[in-house]
Amino acid sequence: MSRNQSMTVLNPATLNVADHIDETPIYHISNMYELSQAASLKWREQSVKKRLTYIQELKKIMMARLDDVVEVLSADTGKVKVEAVTADVLPVLDAISFLEKHAAKTLATHRVHTPVTFFGKKSYIEYMARGTVLVISPWNYPLQLAMVPMMNALIAGNAVILKPSEVTPLVGKCIEELFEQAKFPKGLVQVAHGGKEVGAALTRGKPDYIFFTGSVATGKKIQEEAAKELIPVTLELGGKDPIIVCGDANLDRAAKGAAWGAFTNSGQVCMSSERIYVEQSVYDEFIEKFKNETLKLKQGTDTDDDMGSMTFPGQIDIIKGQLEEALAGGARLITGIKPHEWDLSEGLFLPPTIVVGVHQKMKLMQEETFGPVAAVMPFQTDEEAIELANDSIYGLNASVWSKDIKKAKRIVSKLVTGNAVINDVMISAANQHLPFGGVKQSGMGKYHGKQGLRVFCHEKSVMLDNGKKKSELQWYPYHNKYPKIRAFLKRMFWKKISKLADPHKTEK
């Protein structure tokens, strides 16, 4: 048997070798699915309350190892520790709290209304685990975006195979260790390490459900492969999120919010505020405030620094190409430096960059940047701002800033987006009670909230009769039944139809 291939892990903030991790052999994947299927059959028989005890043990271990987990996150992604703990660890703990409070009720069998035409019968819905869920997670929030869907799938009664990003394999290894230490049943949670080949083999392995977070291009390939076997999928994909700053907004708050929305995690967020539209009357004032907030940011890896490094070297070429095209087309930098001046010899640090003088057809305004770059454009009317914001293949999140809440709500209602925030940025994704997901090419399906649990189940609809009657009206034989059925329909529906036909007619 040949030796496993090994992945070399670099710290993106220092470019030093951090570790080596063995890839999962392709030939082992079929065995993983066999183990998973066997484990899922036993796990689904456990009560939700029993499943929660394992998740609660996981929470205890995470808290005991908090500093270690944050260290791994920071070293593997290049993000600062504050962002590691608030944007990766905290959402996982919040998700566990949500499950503790709501999972049992959400997954419980519940009765629903039965039409009067089925008098004497009862109707209910129950939730049945799908089986094996394949979770393919990204490198930008490698803990949160792996563990939240994993835990939801597990509490719903499924087994899970995780394929973490090969860009951040140390976090994937950390997740594997956390579940091992929590002593989940054998085969219930497995982690497959490796690159595209491993991911493709896992997708071909016929899981019962696929939950993918990543790029649009890869999401389309996964959906195409899944469609061959009619495997259901949730796709959490990219974004090009707009901010709309109205003339009556609190500009100090809006500028601070825009700086964080654009540059947190070095802009490597699917909901990063990459397009900022500002009403012309306050455009110059906003630019000055936004610039001042951006220039305050400190880059580095110390505890008190604001911005860490980029994580994936390949993303830098994409950012460079978009910026160079914009600058060649007449755009100019308010902060940051031109791409040819970047020095990446000691770490993947890109300066927080504000670009103005852009137009809507530039790549910088149409394609996902996924880096610390924000492009700002003026608008004249609310209608123009809505049109510009909707002029995108993406629809993940949006942000509207105004002191007039009615106006802000009106604008939000016209935005084609899966999520929106008023007078803040991105936070809807952190609310475990709100379903989260995109429209257009930002993805399909939702998670978080009740939907985030039930999506990992087959929804089984059941009607129950006590079995005491000898027959039903609609059963054979049909002899002499038409007049009875006709009379029944008249009694049931004619009055309602008459009122609809002539709403002014008074019933005698």
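Me: Which residues form a nonpolar patch on the surface, and with how much accessible area together?

Reply: In this predicted model, the patch consists of L473, I485, L489 and F493, which together have about 310 Å² of accessible area. Nonpolar side chains are joined into such a patch within 5 Å, provided that each residue has over 30% relative accessible area and no salt bridge.

Me: Why does L489 count as partly exposed, and where is the place of L489?

Reply: Buried means under 20% relative accessible area and exposed means over 50%, with partly exposed in between; L489 has 42% relative accessibility, and therefore counts as partly exposed. The place of L489 is in helix α16, which covers residues 482-501.

Me: What share of the residues of the protein chain count as buried?

Reply: Of the 508 residues in the protein chain, 51% count as buried, the cut-off being under 20% relative accessible area. The accessible surface of the chain comes to about 24700 Å², and carbon and sulfur atoms account for 54% of that surface.

Me: Which strands form the open sheet, and in what order?

Reply: The open sheet has 7 strands in the order β12-β13-β14-β11-β10-β16-β17, with mixed pairing. β12 (332-335) and β17 (421-422) stand at the edges because each has a single partner strand, which leaves one side of each without a neighbour in the sheet.

Me: How do you know that β11 and β14 pair, and how many bridges join them?

Reply: Two strands pair if at least two bridges are found between them, and 5 bridges join β11 (residues 273-279) to β14 (residues 373-379), the two strands running parallel. Among the positions involved, Y277 has M377 as its bridge partner in β14, and E279 stands opposite F379 in β14.

Me: Which helix lies across β12, β13 and β14?

Reply: Helix α11, residues 313-328, lies across β12, β13 (353-356) and β14, and runs at about 115° to β12.

Definitions and conventions. Residues numbered from 1 in each chain as written. Predicted model: local features only at pLDDT ≥ 70, side-chain atom pairs only at ≥ 80, totals over all residues. Heavy atoms only, no water. Helix = DSSP H or I, 4+ residues; strand = E, 2+ residues; numbered from the N terminus. Contact = heavy atoms within 4.5 Å. Axes fitted to C-alpha atoms, helices over the stretch in contact; angles between N-to-C directions. Patch = residues over 30% accessible without salt bridge, like charges linked within 9 Å, V, L, I, M, F, W, Y side chains within 5 Å. Areas by Shrake-Rupley, 256 points an atom, 1.4 Å probe, with all protein chains shown as cover. Salt bridge = Lys/Arg side-chain N within 4 Å of Asp/Glu carboxyl O. Buried < 20%, exposed > 50% of the residue type's maximum accessible area, 1.4 Å probe, protein only.
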